[in-house]
Structures are given as structure tokens and as C-alpha cells.
Amino acid sequence: MRELLAQIHYDSWILPILLLVPLIGVAAIFAFCRAAPASGDVEYRGGSRARWIAVVTLMAEFVLSLGMWWAFDEARTGWQFYIDAPWLPDLHSRFTIGVDGISLFMVLLTTFLMPIAALGDWTSVRTKLRTHYALLLVLTTGMIGVFVALDFLLFYVFWEIMLVPMYFVIGIWGGTRRIYASEKFFIYTMGGSLLMLVAILVIWQSVGADTFSYDQTVARLALSPVQSLWLFGAFFLAFAIKVPLFPFHTWLPDAHVEAPTGGSVILAGVMLKMGAYGFLRFALPLFPSVAMLPVVRGIIIGLAVVSIVYGALVAMVQPDLKKLVAYSSISHLGFVMLGIFALTMQSVQGALVIMISHGVSTSGLFLLVGMLYERTHTREIASYGGIARVVPMFAAFLTITALASIGLPGTSGFVGEFLVLVGSYRTYPFAAIIAASGVIFAAVYLLWALQRVLFNPLSNEENRHLSDLNRRELGMMGVITLVIILLGVAPGPVLRRMETATAQLIEHVERGSAFAEQQRAREQTEQP
Amino acid sequence: MHLDLAHPGHLTIAVLPEVILAVGAMALLLIGVWGPETEERARRVGIASIGVSLAALGAVAWMWSSGVTSNVGLVAVDGFRWGTSAVVLVGAILTQLLSLDDNERIGVRGSESYVLTLLATCGMLILLGARDLIMVFIGMEFMSIAVYILAGIDRRSARSAEAALKYFLLGAFSSAFLLYGIALIYGAAASTNLAVIGDRLADPAVAGSSLFIVGVALLLVGFGFKVAAVPFHMWTPDVYEGAPTPYTAFMAAALKAAAFAAFVRVTLEALPNAYELWHGALWWIAVLTMVVGNVIALAQNNLKRLLAYSSIAHAGYLMVALLTGTEAGAAALVFYLFAYTFATVGAFGIVCMLGHSVTNSDNLSEYAGLWSVRPGSSAAMAVFMLALLGFPLAGGMGFFAKWYVLQAALQAPSPQTRLAIILVMTSVLSAAYYLKVIIVMFFRPRPEGAPVIAPAPSATRFVIGASVAILLILGVYPSPAVRLARASSPLGDRTVVPELRSPEVPTAAADSSGVVMPEVSLAQ
């Protein structure tokens, strides 16, 4: 496989192609599908063709990206599939893209989930199909761009641009409170990122005002402690909102609940990972001295633990199934943040595995909730009960995905949470112990929900005639289950590919903070 | 080519674009009244006026590219003038195109509206080239008087008449402030030439005299009115709402650009040595303008009023560029004005389009569900809103405009970090009302029995389409515009970076009164 990929020079064109293919899909949709008729809200030919084009494009995108799994050289440090082309010479910005062991899996997660998201909207989105699928494709380019950009301006452009399609997806095809949810989503995210924009400009200024390149900036950046603290704050706000870390999480339940199924899959599966990715790629390497200050680190770890427990407790009392899943995301992302800031080899790798695992299992949960909603038009847990006998396939998949989300050994969720807890116990034992209770809470709220939805006596007569999963739904859930189990049983190949980049990151951060420490000590001795 | 401005022939070449506009306006005025007043004749005059503006734009481009220079005199011959003139002329041409369709609709059949637009543009160009306070005043009045009439050109509309009267009264008031300020500055510096004033102010006795300080304060008030900065903005929403839409676009884009450019030239060329004096006052005006403009815009349900408050907010952002006091700031300002012109005129173009089918085309509720009937125009409006918001790619150039202003603010010798932070925070606020327009158009259903929206007439459609295309193309690849903005940053032959005066500068050898005997030195 590897030789074949090398022969076709896979590594020199794959990333631009991944960015380009969805846009070709957009062009094809607008070229080959007629707009909806004015009377409009029924299925029409142009719309279903747009749907097919989008799904085929996204599947092709996934197949193309799969080669990265084999072509990726796990022993090599530095960027792979690296492209550096001129873009805006007058603004010192270049089109620099590349991946390492951290972003590789984010890209693969995106390309894996996007066709599923598009399929998930197959029947739930019934109006304006052409625009809907075009937006999903644009979103794909934007999200992949965020994960591969190695130039600050380019990163910022991708970071902002993916907001727009998501905003329209929630606002046009969302639930009853979609306008409120979409606006909140937009303003929260933009509010955080605009301060990051100022921070990016200050950094650009302080490294000599001649480059936005990630590598050069990291190498050259030398800031006063006060400056670093402020700039770290700006980056922290942008990423903490996106993660979301308590208390910046309030946009999440609204956006996730109101979004159509595909939108929720993308939000939970990919977009939440961008915040965590931002910490790993930008906030930590740029400001190691601040991020490793005991106070700062303590606060963030504290917020992470609060997120874990708070998310779990709030999820426990939700009467709405989709909201329950949304709040469980806050809890899971708390684990990710704990893993990142505990900064040991296991905990960071664990955080990365949770990012993948949560992306897959929560997407599965959202899909299943969406399937149930399409059949009954309610998400109230109370209106279900005992449907396991009516829809056995649905029940089986819901159980597997929920168990993965809880972190049952043998599923992907276990690997990540175990690594985070083991890793963070070495640096923050107390936080690790409280966080471990989050796993128990997760078992409580998910198993309780399972019981009330699937197993209690069948109380609602209307549920007696639910239809079980169809082939499209089976296919989606089958693929998701496969990944959950594979990752749970054999995480080795994934962990191996992450190892080099993680080790490099940790070493860089520790060296940076040790250097800052020395300098501080020297200054103190110099002052009598 | 080097021009000697004392030489009449050379002076004529230096003001070639203005001459083209003035002569063209006179000729069209005669042609317009040379027969019965019909719509067809008015339209033909309108098309001819676009030709005249294009010719002036050509003259600007020619003089810019041929690298003409001059000595210090009444008019400036430098990149800043050409760059800003190009922006204003583009804004004027777009306005003229919009008014071709709109005048027919509201029944303005006389050709004088086109002539007045040309004259106002001529005034703006004079203002942009002014290197003398007297020229600044002449240009400002020339421009304003024509625009007062344009605001009231719809004679049958009471709101239009109200707008014109309100604008005229407050405008006359502000002109008086400006003129009095000029007189006092002349009293202190003994010259009205910007470059000469700049040199005289090196003497702290002149710069510290109360005559001069009061003069600068009055000057700031006068400019504050023209650029609609808070607290001198009260006229803006009423006038923008009442004036016929194309002329609202003209005021929001071209007039603001011209007034701002003149403001920049006066502060950076004549007053760099009084940097602390105007910096403190303008700092607060900028902050107030950003905050008040954005906050009040949140409450608007009338699209024209919303855009009026948005234009006030943008005046605040532009002031941040001005406050940097650097060439980079001036370049950022030109770039910003360029992007802002397309976004604003485009947005008003959509209002014009709706005006053909709906009586209250400025009422936001008329836009509900517009996407389901006019998807293209709605998408264009979304681009304009995102451009005004400063969003990358989808908002096109708007992002780089804000980026540039922020960059200039942080790069200045005295970095304006606080202003930059206030700018981005108020931008977040502005998202709420720009998104409101998008929400209404895209997320709300089209109400039952809503009027059918006709497609935009050809000229209006051209304006909308061209604005979107330019915003988006330059949003992906802004380098050409960046280069033009850079080329338009040098003001005259002097460096504009303010040398912050240190307090140790000896204050000897100065008349204690600080007043120097006046001497006439219009041209050297």
C-alpha cells in the first residue's frame, strides 16, 4: 500500500485535493441540480440529485483521505503531506498546510463523519436540499482547513469561515428555537475568535512583523511574561468557548439540540474537537511558560473537572434525549481538557483518543436520537419505554453506542478515559480521582436513559408500531460500531501514529516552561 | 512629471479630474434643460454623467500611474489623493447607476440630480486634493450643498424634504464650526497651508497657544459632523432614512470617504506635532462612536436606519486607523473605505431593488423570507452584511479591511492596543444586527400574501453583482487592492509618522503670547 501511494506521489497532493474535492462537489450541485420549484417544500428531482452528489463526493473524500493512514510515517517528526505555496505576499501570509500525528486523526475523523452526517440528513432535511448539501460540502473544506493550516492568517480564515455554513444549517433547517440557537452559536464563537485575531496580530508584530508562518513564529516568539499571559488569555477564550469548557458552554445545548441531525453530528463530532485541537496546536506550544504556570494550569484543570461533573449531573436530569447527549459532550470534553493540561504522554494521547472516540460515539447517539425523532416526532424520554421489543436493531445499536460513550472496556471510550485518568493521576491525582467519578455518573445517566427508553414496560401505545432501522440507517450505525470496537480492541496502531507528535509537543512545552522558569530565577537573583 | 503649482497651466493639470467633472456637469446641465423634461432625456443625461465620472476616474488613474509630483501648494499631488479619489469616484459611479433606476421609479424626472451628483463628486475631489484649509472648506461646502439638494430631490416626499432641511441646518452649523476653527488656526499658525502649519507647529509656543487649541477643537467638531462621529451624529439616521436610497448610499459611502480622507490629511499633515492634543480627544470620540453606533443599531427595525447606525460605527473603526497617525494607518483607511464603499452601496442597492415592488422598502419586515423568492439577491445581501461585519471569505474584502486597521493600530509607534480590543468587542456587538438582517431574509418564512418581488432592473443588478464580485474576489486574493492602498499611503513629501514631542524640547525663542503675526502664504 505504502509503495503504491509513494508511486503516485500521494503525499504531495492529498491535502490540497481534500480541500478542493468538496468545492468541486458544490460546483457540481449548482451546475447539475435545478433550484427547488417555487411551491417548494416537497422532494423534487434536483434536490435528491444534490443529495446524491454530496454523499458521493464526501465518500470519495473519505476514500482519498484513507491513504493518509498508510502514507503517514509514524517515526518522522515534523510535518507530513506538507505544502507551502505563496498566497498573500503583501500580507506575509503563505498557503502552508501539513499534518502531524495530532491533526492526522482530526482530518480522518472529519472525512469519516461527513458522509455519515450527509446520510443522517437524508430524510430529516426535506427543504432546500440543494443549499443544504452545498453548505455541508463547504463546511467540510472549512473544517479540514482548520486542522491542516500552518499559517496563522490561513488558520484564522478557516476557523471563521466554517461558522457561516453551520450557522445557516442550524438557522434554516433547525428546530423550533433555531434562530435563537444559531445566533447564540455565531456570536459566542465569533466573540471568542476576534480577540484571538488581535492576539495573532500582536504575535505577528512581536516576531518581526514579516511572517505568519506557524513554524517560524513558534521558533522566534519571545514575549514578556505579562504579554504572554494576555495573549494566552485571548487564545484560551477562543478555544475554551469552542471546546466548550465550563462556564463558556451555554451555547452548546442550544446549538446541538436545535441543529438538524447531520448538523448535530458535525457539531459534536468535529467542531468541538477544534477547541481542543487549538489548545494542542496553538495555545500550548506558543505560550508554554503561561500554560505551565501552576496557577493557570490549576484553574484550567479545575474547570475541566467542573465540566466533567457538571455536564454529567445536568445530563442526568434532562427529560429530552437530545439534550442529554448534548450535555454528555460537555462532560467528555472535560476529560479531553484534563488530559491535555495534565500533560503526560498517556494523558495527552488519551485526550486524543477521547476526541476520536467521542466524535464517533456521540455522532452515533445523535443519529439514533434523530432516527427516533423522525419516527415519533418527540424526544421526550418519558414518552418512550419498552421499545426494545419493537425495534430490536435500534435497541442494540443504541446500547452499544451508549456503552462506548460510558467507556466500557472493549470500546473506544474506555481506552481514552483510562489513559487520561492514568496519565493525569501522575500530575494531578486529586483531579483524576474526581474525574473518575464522571465515568460513574456517565454510567448512571446513560444506563438510566437506556432503561427508560428501551426496557421499561411499553407504556405508550403509539410506540407499538415503530419501524426498525432501514438499510441506510443500518449501514451508518454499522460503520460507527465497527470503528468503536476496532478502536477499543486494538488502539495500538492509532496510538503509535500519535506518539511522535505527542512526545514532541510535551518536550517542547516542558523545555519552554523550564526556560522561562530559569529566566525568572535569574532575574530574581540579579535583583538584590 | 513635476508640476509647479504656481504656474496656472500646471495647476490646471494638477486638478484635471476636478476640471473634467465640473465641465461635464455644466455641459450636462445645459443639455438637460435644452428641451422638454422627459424620463428618456433624464436617463440619457444620467448615462452621460456616468461617462463623465469614468473620464475623471481615467484621469485619476493616468495621473496616479504616471507618478506626477509637485511642489507644496494649494493642492496635493500624491498617492493619497489619487487613491481616495478613485474610491470616491467608484462610489459616485455606483450611486449614479442606482439612481438611473430609482429616479424613474420615484418620479424624479429632471436631469439635475445627475448634475448635482457630479458637482458633489467634484467637491469631494477638491476636498481630497486640498492641501490648504481654505481649499478644505471650499471643497467641503461644494460637496455639502449639492448633497443637501440631493437629499431632498424627491420633492413629493415629506420625509425627503425633512431630511434635506435637517441635513442643511446641521450641516450649515458644522460648516460654521469648521470655518471658525480654520480662522483660529490661521490666527495661531499664520498660514492656511497644511504643510506650512505643520512646520510652524514645531514651535511649542504656537502649538501650545490657546488660540490654536480652540481652533483645533472647533476643527474636530466640524469634521466630526461630516463623518458622523458620536456625539455629532444626530442627523445621520433621519437624513439617511429620508433621502432617496441611492443618495443615502452616496452619503454613506462617497461623502464619508471624502470627509475622512480630508480629516486624515489635515491631522497627519498639518497637526502631527500636535499629536497629543488631538489624539486624546479623538480617542474618546472613536470609542464613543464605536460603542454608541453599534449599540443603537441593535435596536433598529428599519434597514436604512440600521445601515445609518452601522455607518456611524464604521466611522469609529476608521477613526482607529486615523489615530495610529502613521502611513500604514492611512493605507488601511484607504483599503477600508474601498471595501466599505462596495458593501454599503451594495446593501443600499438591495433596498433600491425592493423599492420597485414594496412601498416601505426600508422596513425590515418586508425582507422576511426573501431568500425563498429572490435567492440571488438575498445571498448578495448576506455577503454585504458579512463584509460590513468583517468576516473572512464569505464577507470577502471586509475581513482584510478590519485586519488592516487592526494591524495598523497594533503596529503604530504608540500601539493602540486598547482601541484594537474595543474595535473587536464592538464588532462582536455588530454581529447581532448584521445577523438580524440575514435571519429575517433566510430563517423566517415568507408571510402569506407578501408582495411579489420583481427582479432588480439592469443597472441596479449590475451594481449589486459587481459589488459582490469585487468583494469576494478581493476577499480571496486582496493583493492588488493592498498594493493600491500602499501606493496611496504617502501624503505629500513629508513623513507623517508623528514624532511624539518629548517634554524636554526647549521652549525658548517663542513669543510668549504664542500668536505670530499673520502673513499670507497660500502657495510657496
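Where is the place of B:R155 in chain B? B:R155 sits in the loop between helix 6 (133-151) and helix 7 (158-189) of chain B. Helices here are DSSP runs (H or I, at least four residues), numbered from the N terminus. The model is predicted, so local features need pLDDT of at least 70 and side-chain atom pairs count only at pLDDT 80 or more, while totals for chains, interfaces and linings use all residues. Residues are numbered from 1 along each chain as its sequence is written, and chains are lettered from A in the order in which they are written.

B:R155 is exposed because 12 other C-beta atoms lie within 10 Å; the class takes 12 or fewer, and buried takes 20 or more, with C-beta atoms placed from the backbone. B:K166 is eleven residues from B:R155 in sequence. In space the two are 15 Å apart, C-alpha to C-alpha.

Chain A puts 26 residues in contact with 23 residues of chain B. Contact means C-beta atoms, placed from the backbone, within 7 Å. On the chain A side, helix 6 (152-161), helix 7 (163-173) and helix 8 (178-206) each give two or more residues. Helix 8 of chain A gives the most, with 14 residues.

The largest nonpolar core holds 415 residues. Such a core is a set of buried Ala, Val, Leu, Ile, Met, Phe, Trp, Tyr and Cys residues joined through C-beta atoms within 7 Å. B:A258 and B:Y336 touch the most other members. Helix 15 (residues 327-355) of chain B gives the most to this core, with 22 residues. Residues up to four places away in sequence aside, B:A258 touches B:V88, B:M124, B:L127, B:L128 and B:M143.

Methods: Contact = placed C-beta atoms within 7 Å.
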